[in-house]
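Okay, thanks everyone, let's get going.

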Amino acid sequence: MFIAKAVAATMLAGAFGGLTSPLPGDAAAYEKQTRLEAERVACMKERGLDYVASPEPRHTWQPGERERLAGDVEAMRAYRAKYGFGVWSSNVYPKDAVVNPVQHENPNDKTLMSLSADRLKKWRAADESCFSQAVKQVLGKTVTSQEDYHDRLEAAVRKSLSVLDQDKRLVQLGKQFAACLGVSRSEPTALDGLSHGKIVLQASDVAKKAWKGELPEAPKGKTVIFRPDLKPAQARPYLEKEIKTALKDLQCGKDFYPAYAPKAMEITSKVYQEFGRESAAQAIPSRIYRKLV
């Protein structure tokens with residue numbers, strides 16, 4: 001079986017000193033998320049509905065992860081030599097927390113599964129309304145739904161990152177990086193995750209070809225990314241090719257990443273924190289996947 005994910009609906013630096021300590025602002029952002037969840041509980045209670053606060057758990061850093069996010073080439077090389085970009089490795093190493101971290105379970109799921117279709121529709125409508133109200137109260141932002149919140153978050157990230165395409169040094173390094181990769185786009189933000197994204201699309205295509213029955217319809221204006229659920233032995237040949245691609249990408253970008261990644265992380269982190277979310281733990285995957293959807 002294969003798992004289809006509408007990533008758009010679920011996706012959900014100057015210098016960081018090597019990211020060796022918690023990022024400035026993350027604690028305050030997490031506190032906002034906790035307050036937001038408390039507001040949702042109160043709002044749903046006023047409507048006679050149950051809701052259990054479910055803030056995202058604090059991120060647990062894996063060895064070398066902070067350094068990779070800061071553009072440390074050796075840390076990136078060590079990761080890519082085993083995991084590539086982290087796409088097919090999740091199939092090859094199903095018990096490895098580096099590529100298969102423990103998933104946060106929403107405590108409201110059991111309640112939702114017990115509701116009739118009519119009651120579920122009422123619950124979801126109330127939850128969207130309460131979420132929007134909580135975002136307004138805690139973050140001072142106007143959103144119409146949880147999907148709208150994520151869309152606005154990523155639009156703000158893209159807008160903020162665009163300044164890097166005007167950075168003269170990054171523009172020059174981007175041209176060298178693109179020439180080495182043999183691609184036409186050389187804007188720094190276009191090169192960010194370019195090779196990674198191609199592997200994600202390849203995996204999605206493999207999943208779609210093995211899909212049984214009619215493919216799920218994507219929401220209007222979105223693309224559904226499919227995740228293959230291959231056994232380790234089946235996925236390993238794909239991972240071996242992915243590793244070669246990832247290492248070539250790193251070799252071509254060995255000057256680009258140390259200059260680009262810290263600045264991109266600083267910018268992205270500030271936007272995520274403004275939206276009440278921890279930053280570095282989510283920013284990189286989000287940037288990659290949102291480009292695809």
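Let's start with Lys82, which counts as partly exposed because its relative accessibility is 37%. On the terms: buried is under 20% relative accessible area, exposed is over 50%, and partly exposed is in between, using a 1.4 Å probe and protein chains only. Before I go on, this is a predicted model, so local features need pLDDT of at least 70 and side-chain atom pairs count only at pLDDT 80 or more, while totals for chains, interfaces and linings use all residues. Residues are numbered from 1 along each chain as its sequence is written, and side-chain values use heavy atoms, with hydrogens and water left out.

So, what does the side chain of Lys82 meet in a salt bridge? That would be Asp96, at 3.8 Å, N to O. By salt bridge I mean a side-chain nitrogen of Lys or Arg within 4 Å of a carboxyl oxygen of Asp or Glu. Lys82 sits in helix H4 and Asp96 in the loop between helix H5 (89–92) and helix H6 (109–114), so the pair ties together parts that are 14 residues apart in sequence. When I say helix or strand, those are DSSP runs numbered from the N terminus: H or I with at least four residues for helices, E with at least two for strands. Asp96 itself is buried, with a relative accessible area of 17%.

There are eleven salt bridges in the structure, and I picked out a few. Lys141 and Glu274 pair up through their side chains at 2.6 Å, N to O. Lys141 is in the loop between H7 and H8, and Glu274 is in helix H13, so this pair ties together parts that are 133 residues apart in sequence. Lys141 counts as buried at 18% relative accessibility, whereas Glu274 is partly exposed at 39%.

Then there's Asp205 with Lys208, whose closest N and O atoms are 3.8 Å apart. Both of these lie in helix H11, three residues apart, which is about one turn of the helix. Asp205 is partly exposed, with a relative accessible area of 37%, and Lys208 is partly exposed as well, at 34%. And Glu37, Arg40 and Asp127 are linked in a network of salt bridges.

Glu37 also turns up around Ser54, which touches Glu37, His104, Asn106, Pro107 and Asn108, leaving out residues up to four places away in sequence. Contact here means heavy atoms within 4.5 Å. Ser54 is in the loop between helix H2 (26–46) and helix H3 (65–69), and it's buried, at 10% relative accessible area.

Lys208 comes back too, with Leu215. Setting aside neighbours within four places in sequence, Leu215 is in contact with Lys208 and Phe226. Leu215 lies in the loop between helix H11 (194–209) and strand S2 (225–227), and it counts as partly exposed at 39% relative accessibility. The C-alpha atoms of Leu215 and Phe226 are separated by 10.0 Å, with the two residues eleven apart along the chain.

Now the inside. In soluble globular proteins, nonpolar side chains tend to be buried together. A nonpolar core, for us, is a set of buried Ala, Val, Leu, Ile, Met, Phe, Trp, Tyr and Cys residues joined through side-chain atoms within 4.5 Å. The largest one has 31 residues, and those with the most contacts inside it are Leu36, Val135, Tyr149, Leu164, Phe177 and Phe256. Which helix gives the largest share of this core? It's H13, with eight residues. Phe177, beyond four places in sequence, touches Leu191, Asp249, Cys252, Gly253, Phe256 and Tyr257. A second, separate core has 14 residues, including Phe85, Trp88, Val206 and Ile243.

On the H8 side, Leu153, Glu154, Ala156, Val157, Ser160 and Leu161 meet Ala264, Ile267, Thr268, Val271 and Tyr272 in H13.

Last stop, Ala233 in helix H12. Ala233 is exposed, at 65% relative accessible area. Ala233 and Val92 are 141 residues apart in sequence, yet 7.0 Å apart in space, C-alpha to C-alpha. That's my tour, thanks.
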